[in-house]
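Subject: Handing over the structure

Hi there,

Here is the structure I promised to pass on to you. Please open it alongside this message, and then read on for what turned up.

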Amino acid sequence: MTQIEEHISISGKWPLSAYTWKVEKFLDRFTEGLHNKKIFGAKCSNCGTVFVPPVVICARCHSRMRLEKDQDWVWVSDMGTVIAYSISYLAVADGLRTRDPEKRPLFILVRLDGTDTAIFAELIEAPDEKIRVGMRVKVAWQEVPKGDLGDILFFEPS
Amino acid sequence: MRRVAIVAYAQMKYTKNRNSSREVMIHDVAREALSMAGISKGDVDTVINAQNDYFDGRTISNMKTVASSGAYFKDESKIEMDGAFAAFYAYMRILTGNHDVAMVIGESMASCYPPYLPGIWSLDPTFDRPNGFLNEISAAALQARLYMHKYGVTEKQIAQVAVKNLKNANKNPYALRKMPQIAQKDVLQSRLLYAPIRELNAYPLTDGACAIILAEEGKARQIAKNPVWIAGVGCCHDTYFLGERELYECASLERAAEAAYKMAEIKNPQKQIHVVELHENFSHEELIYCEALGLCGRGKGGQLIDSKTTEINGSIPVNPSGGALSANPTYATGLIRLCEVAMQIRGEAGEHQVKHEVKIGLAHGQNGLCAQDNIVFILKGGDK
Amino acid sequence: MRNLAIVGIGLTKHVSKRRDVNIPELVYEAVKAALDDAGIHPKDLDALVTGNMPAFEGINCPELWGGGYWGGYRKPLIRITTGGSTGASVAQGAFYLVASGLYDIVLAVAFEKQSDGNTTIGLNTTALADVANMTAYGLSGPEIEASGAIGLFVYQATSYMAKSGCTIEHIDRAAAMLRNNAAKNPYAHLQQAGVTAADIAKTPMISYPLRFGHTCPTSDGACAMVLATEEKARKLSRKPVWVNGWAACSEEPAIVGLFGAGSINVDPAEQRSCKLAATKAYAMAGIKEPWKEIDLAEPYVPFAYQLFIYFERLLLCDEGNAPRLFDKGVMELDGNLPTCPSGAVVSSNAIGAAAMIRIAECALQIKGEAGQRQVTKDVHNAVAHGLGGQANLNVVTVLSDMPSRR
C-alpha cells in the first residue's frame, strides 16, 4: 500500500448545543434535605434498594420510584465507607471547589451506610498516606449548607 | 427451524413534545408490554434497543437506558437502525435457541434534536454535506419529481395518499396528526417544503417509543392465546449515491420483499396479503413501495390509489393506522408497523380495525435517505 | 443451532492518523484482506454486520455512505453499536445471523477513524444529559470534570488493588509486557520494543494509580472477519476457527447513573456482568473448567491494570489471584495462559474495532498465524472479551480449533 498524501480535508461540527436533554425533576426533595444536613435516599418499594442521590427508575426491579410524595424517601446516615480513591496529578480546571489549593485533590468513591450506591467526593483533612479502601469517612458539612449537590462533595475521616 | 411470535406490544400517544424524559418514556412502554404479556422483566432473556446517538444527542445512548428497558443483567445490544431491524435481530437471537423471550424497544424524540439535521450528518462529508442542498426532504422531492415524470403520477394522486392515511389516523388513538375532514385541496394547499413536497405530504416530527415482545413457540403459547407468527423476513441495503439508484422504484425493497415472500411462501402478494403497514416518510413513497412490493404493477401506483384498493375498507388496506404520515418517531416507526399489523391480526386495532379477516400482514421498515435500507416482515395469525 | 467458524480475517495497521484515506476506503482495506483470506468474492457474502462509535467522526451511520465499498451493495446489512464493546457486539451479531440459519456467509466489520474527530468531545458526549442535571443542582463544570475526566477507571483500579494485593509495580510490569507484545504485532499502534517496567514507572502520573505509560492511544483502524457455516467453512478454509460460545451481559453504568443520580454499580471493579457473560459463554462452548481448558485470553485492556481484573472476571483464576499468576509468568507469550499477546487495547485503540480485534487475535493464534507474537503453547481454546459503555456491558466470546460438542 503506497502512502498517498492527504488530498482533501473538510471540516464540520456536531452542534451539541442544538440538542435538548429532558430530565425528570426528582432532586428537589433531596437538596432540600441537604439544607438541613440530612441526606435522603430513594428506597425502591419493590426491592428495597436505596439510592443516593435518588433515581427515577430502579434498575433491579424495573419499577418507577414515587418521588413526589413522602413514600419512597428514607433518611440515611452521613457516614460511609471508601470504596475506591484516586489522587489527581494533572491540573484540574480552575474553579474546582477544593478546600486546600496547595494540595493535590484526593477523590473518593464513598458508599454511605444504608445505601446501595456510591457517590463521588473529595476527601479533605486526610494525608495521602492514610487513604485506604474501607476507610470510614463522614460528610464534611459546612456551617450552613447551600442545599445543592455541592454540600456532599466533601468528606473527612471519621 | 424454531417458530417465533410477537406475543405482546405497547405504543403510546405520539406527541410533538412529550413532557417526560426519554428514559421514563422507554420505561413506560417496556412496562406496558410486559404487563400485556403477563410476564416480568426476569422472564426476558435479551433486550434489543433501536436508538441513534445523533438523534439522542449522546454517545452510547443505550448505556443509560439499561434501567428503563429492563436490560439490567441481561444480554443487551443496540441496533442503530429503524426499530424493525432491531426486531429482526431479536428474532434471529431467538432462532438460535440461545434466548427464548426478547424485548425490543425503539424510540426517538424529535423535540430534542434540531429537525432533519441528524439525516444530514449521515451524508458523505466530502461532497454532499458541504453542498448544503441534500437533506431528507430535498432528496424525497427529487424522488417524487422523478416518479411523477416517469409514470405520469399526478400531485392529486400523491395527495390522496395523505388524505387516506390522515383520515385513517383519526381512528387511531395513538396518532399525532389526525385530520378527520381532510380533503385533497388541504394537502395541495399546504405549505411547500421542497417542491413538490408539501407539508401534509411529509411526516410530522414526533416524540414516541414502542415496545414489542417476541417469544419462541413454547413460551409464546403460554404467554398469548393469539401469538402472531413471524413467517418471513428480508432486508436489503442499497447504494448510497442517489444518482446510482433508479429513484422512481425501490430496488432494495423489491429484494427485501422477495426474500420475505420466499420465506413465508407468499406467491401472490395481491391475493395473499390482507393488510399492509408501511414506513412511508412521504406520501409518494407509499406508491413506490406498493409497486416494489408487487401490490400493483410497475408504474401503476397512481392507478392503485385511484382504485381505492388501499383504503381501509379496500381489498388491500395500506396503513390503516395512518402510517408514518400520522406519527413518525423515526427509530420506533418500523416497530410500530409490526405492532399495528399484529394488532390487526389479533383483532385488537379498535376503531381502525380493517373489516375483512386478517390472517397475513406485511410490515415494513426503512433506514437512510430515500429508503436506502428496507426490511419486510410477513406476519401470520392463527395456528400456522 | 448450527456450528459456525471464522474463515477470513483482515486487519489494518493502527496508527494515530490515516490522512490518505476516508472511512469507506480505510475499512475497505480490512474488508479486502478478510475476503482474500477467506478466498471469496463480495458476491459470496450473504449479509453484513457493521458498527463503530459515530461520535468520533461526526458521521451518523457511516455504513450508509461506505456499505457499498465493503461488499454491502444490495445485501442484508445491519448496524450494531454499543460503545467500547462495539467490535464484539458486531461480531456476535454476525454469529447470530449465521447460527440462526438464515445466512451462510456473513461479513463482520468494525472500525474507528478517531483522527477525524475530537476524542475528548466524543467521550464527553456520553454524559451530557447527566451533566446538565448535575449543574442545575449545584455542581460546577470543573467538579463534574474531576469526577468524570479522572474517570471510573482509576476507581476501578484502586478498588481492585485493595482487594487483590495488586500494586502499582504490578501495573508497570503489566504495561511493559503488553508494550513488548505489541512490538511484535505488525498491526499494533504503539510499538515499544524493549520498554521496561522502570521506563513505564518514569512516565508522569495522571491520577493515582494511572500513569501515562498505562494508558491506551487513540487510533485509526479497522477489522473485518468472514463467518461461515460449518459446511462452507470446511470448504473455504484449511483451518477454520470455530465460534463455540458467546454471551453478553449489561449492568448499570458505573459511578454516574441516570441524570447524574446514583448508580447501583457501586464498585466498578466487581464487574459481575463479566462473570455472568463468561459463565454463559463457557457453558455454550462446553467448557467446564476455563482455568484448565482455556489456552489463551484476550481481555479488553485499555488500561494496563485491567489485565488482572478481567483475567479474574473471565473466570480464569480465583478473584485476587491474577497478580500472583502474572508474577509467575503465566500470562507471558511462553506462559501457561498467555494473555493479550496482541499487545491489548492499551497498545491500539480504534474504539469501534478494538473489541473485534480481540476475537481476531484469538483466531490468528489458534491458526498459528500470529507471526512473531505466536505463543509457545498450542492454542486449542481461547476467550476474547469486550467492554462497553461505562464499564457496564461485557461481551465474551469463546473460540476453538474444534467445533462445539452441541
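Below are my notes, taken chain by chain and contact by contact.

Please keep in mind throughout that this is a predicted model.

**Chain A**

Let me begin with the sheet in chain A. It is open and has three strands in the order β2-β1-β5, with antiparallel pairing. β2 (50–51) and β5 (73–76) of chain A are at the edges with a single partner strand each, so one side of each has no neighbour in the sheet. Helix α1 (residues 28–35) of chain A packs on this sheet and touches β1 and β5 of chain A. The direction of α1 makes about 150 degrees with that of β1(A). As for the pairing itself, strand β1 (residues 39–43) of chain A runs antiparallel to β5(A), and four bridges join the two. If you want a place to look, A:G41 stands opposite A:V74 in β5(A).

**Where chain A meets chain C**

Here 52 residues of chain A are in contact with 40 residues of chain C. On the chain A side, β6 (79–87), β7 (106–112) and β8 (119–123) each supply at least two residues. β6(A) gives the most, with five residues. By class, this side of chain A comprises 32 nonpolar, ten polar and ten charged residues.

**Chain C**

Chain C holds an open sheet of nine strands with mixed pairing, in the order β3-β2-β4-β7-β1-β8-β11-β10-β9. Its edges are β3 (77–79) and β9 (296–298) of chain C; each has a single partner strand, so one side of each is left without a neighbour in the sheet. On average, and with direction ignored, neighbouring strands of this sheet are turned by 25 degrees against each other.

The axes of α3(C) and helix α15 (residues 351–367) of chain C come within 5 Å and cross at roughly 60 degrees. The two helices are therefore oblique to each other. On the α3(C) side the contact is made by C:T86, C:G87, C:A88, C:V90 and C:A91, and the residues from α15(C) include C:G352, C:M356 and C:R358. The residues of this contact divide into nine nonpolar, three polar and one charged.

**Where chain C meets chain B**

In this interface 52 residues of chain C are in contact with 50 residues of chain B. Several elements of chain C give two or more residues to it, among them α2 (62–66), α5 (128–136), β8 (241–250) and α11 (272–285). α3(C), the helix from the pair above, gives the most to this side of chain C, with five residues.

**Chain B**

Two elements of chain B are worth a look for burial. Strand β8 (residues 228–237) of chain B has ten of its ten residues buried, so it is largely enclosed by the rest of the structure. Two bridges join β8(B) to strand β1 (residues 4–10) of chain B, antiparallel, and B:I6 stands opposite B:V228. Eight bridges join β8(B) to strand β11 (residues 373–380) of chain B, again antiparallel, and B:V233 has B:F377 as its bridge partner in β11(B).

Helix α8 (residues 155–169) of chain B is mostly covered, with twelve of its 15 residues buried. Among the buried ones are B:Q157, B:K164 and B:N168. The elements that cover them include α7 (136–151), α13 (283–292) and α14 (301–306) of chain B. As for its length, 15 residues at 1.5 Å a residue should span 21 Å, and the end C-alpha atoms of α8(B) are 21 Å apart, which agrees.

Finally, helix α4 (residues 83–95) and helix α16 (residues 330–346) of chain B pack with their axes 5 Å apart, at an angle of about 65 degrees. From α4(B), the residues B:G83, B:A84, B:F85 and B:A87 meet residues of α16(B) that include B:Y331, B:T333 and B:R337. This contact divides into seven nonpolar, three polar and one charged residue.

Best wishes, and enjoy looking through it!

Note on methods. Residues are numbered from 1 along each chain as its sequence is written. Chains are lettered from A and ligands numbered from 1 in the order in which they are written. This is a predicted model: local features need pLDDT of at least 70, side-chain atom pairs count only at pLDDT 80 or more; totals for chains, interfaces and linings use all residues. Two strands pair if DSSP finds at least two bridges between them. Two residues are in contact if their C-beta atoms, placed from the backbone, lie within 7 Å. Axes are lines fitted to C-alpha atoms, for helices over the stretch in contact, and angles run from 0 to 180 degrees between N-to-C directions. Ala, Val, Leu, Ile, Met, Phe, Trp, Tyr, Cys and Pro count as nonpolar, Asp, Glu, Lys and Arg as charged, and the others, Gly among them, as polar. Angles under 35 degrees count as roughly parallel, over 145 as roughly antiparallel, 65 to 115 as roughly perpendicular and the rest as oblique. The expected span of a helix is 1.5 Å times one less than its number of residues. A residue is buried if 20 or more other C-beta atoms lie within 10 Å of its own, exposed if 12 or fewer, and partly exposed in between; C-beta atoms are placed from the backbone.
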